[in-house]
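The entries follow the order in which I looked.

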Amino acid sequence: MSEPGSLVRALSGRQVARNFHSYVISEVGIGIASGRLAVGSILPNDAEMMDTYNVSRTVLREALKTLEAKGLVEARAKVGTRVLPRSRWNLYDRQVLGWIQEAGPGLVFLQSYVELREMLEMQTAQLAAQRRSAEQVRMLLYWLNQRSMTAALAEPFALAEFEFHRILCEASQNPFLRAASALVEFGVVQAIAPQLRAGVADFAAAKASMYQALADAVGHGEADAAGRAMADILAVDRVWILGA
């Protein structure tokens with residue numbers, strides 16, 4: 001679950017892993033994200049884990065290497081594989097964010113995330129207005145229309161909203177912002193998930209004029225106006241994400 005859109009697709013429920021390798025990674029990753037596998041604890045030995053997940057030693061070792069690369073565990077000779085604290089996790093990794101999403105991010109985590117998102121997306125909107133291409137403006141308008149057309153369908157709507165924000169990242173012409181699409185997608189999902197639980201029937205209506213203002217500002221090259229429109233959007237999302 002590392003490709004763009006995978007966090008959005010998880011709105012409908014947990015995805016089934018495609019193979020044994022991804023299955024083990026997902027099961028252990030969620031176990032760590034949820035706290036079931038506690039920070040500082042040592043994972044069961046290879047024989048136990050091979051039996052638990054019904055996989056070969058090769059599959060298990062590769063899965064643990066992947067988790068180590070993401071900062072969730074650390075293997076040491078004569079000690080075993082230890083679960084690392086969240087401060088070591090790669091929080092820019094879409095798969096890690098997916099596990100946190102499934103486990104249920106706490107309020108403190110979400111508060112920190114919102115702070116980062118607001119800095120990131122405000123800058124993205126302003127740079128996009130200054131650097132966008134005609135094709136990127138066209139794509140923004142396309143996804144703006146898709147956002148309206150899918151307003152009653154949680155996942156298609158979330159995908160349209162994510163793609164709108166992803167195009168802004170592309171339009172910024174900044175490689176670091178382009179690489180932050182997982183963080184952007186996580187924010188879209190965190191804002192929509194509580195609306196889904198609350199029974200919201202039209203996901204687009206509350207921010208429709210704000211998204212139109214943002215698309216117009218980017219299209220006209222008005223960086224300040226783009227920043228203001230993005231600030232309005234993020235203010236609405238903040239309420240849903242933080243529940244206040």
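For accessibility I call a residue buried under 20% relative accessible area, exposed over 50% and partly exposed in between, with a 1.4 Å probe and protein chains only. The model is predicted, so I keep in mind that local features need pLDDT of at least 70 and side-chain atom pairs count only at pLDDT 80 or more, while totals for chains, interfaces and linings use all residues. Residues are numbered from 1 along each chain as its sequence is written, and side-chain values use heavy atoms, with hydrogens and water left out.

Entry on Pro 85. I found Pro 85 in the loop between strand 2 (80-83) and helix 5 (94-103); helices (H or I, at least four residues) and strands (E, at least two) are DSSP runs, numbered from the N terminus. Pro 85 counts as partly exposed because its relative accessibility is 29%. Its C-alpha atom is separated by 7.3 Å from that of Gly 40, which is 45 residues apart along the chain.

Entry on rings. I count rings of Phe, Tyr and Trp (its six-membered ring) as paired if their centres lie within 6.5 Å, with planes under 30 degrees apart stacked, over 60 edge-to-face and the rest tilted. My search of the whole structure found 6 aromatic pairs. One of them, Phe 157 with Phe 203, is stacked, at 5.7 Å centre to centre and 25° between the planes. Phe 157 is buried at 1% relative accessible area, and Phe 203 is buried at 4%. Phe 164 and Tyr 211 form an edge-to-face pair, at 5.1 Å and 80°. Phe 164 lies in helix 8 and Tyr 211 in helix 11, so this pair ties together parts 47 residues apart in sequence.
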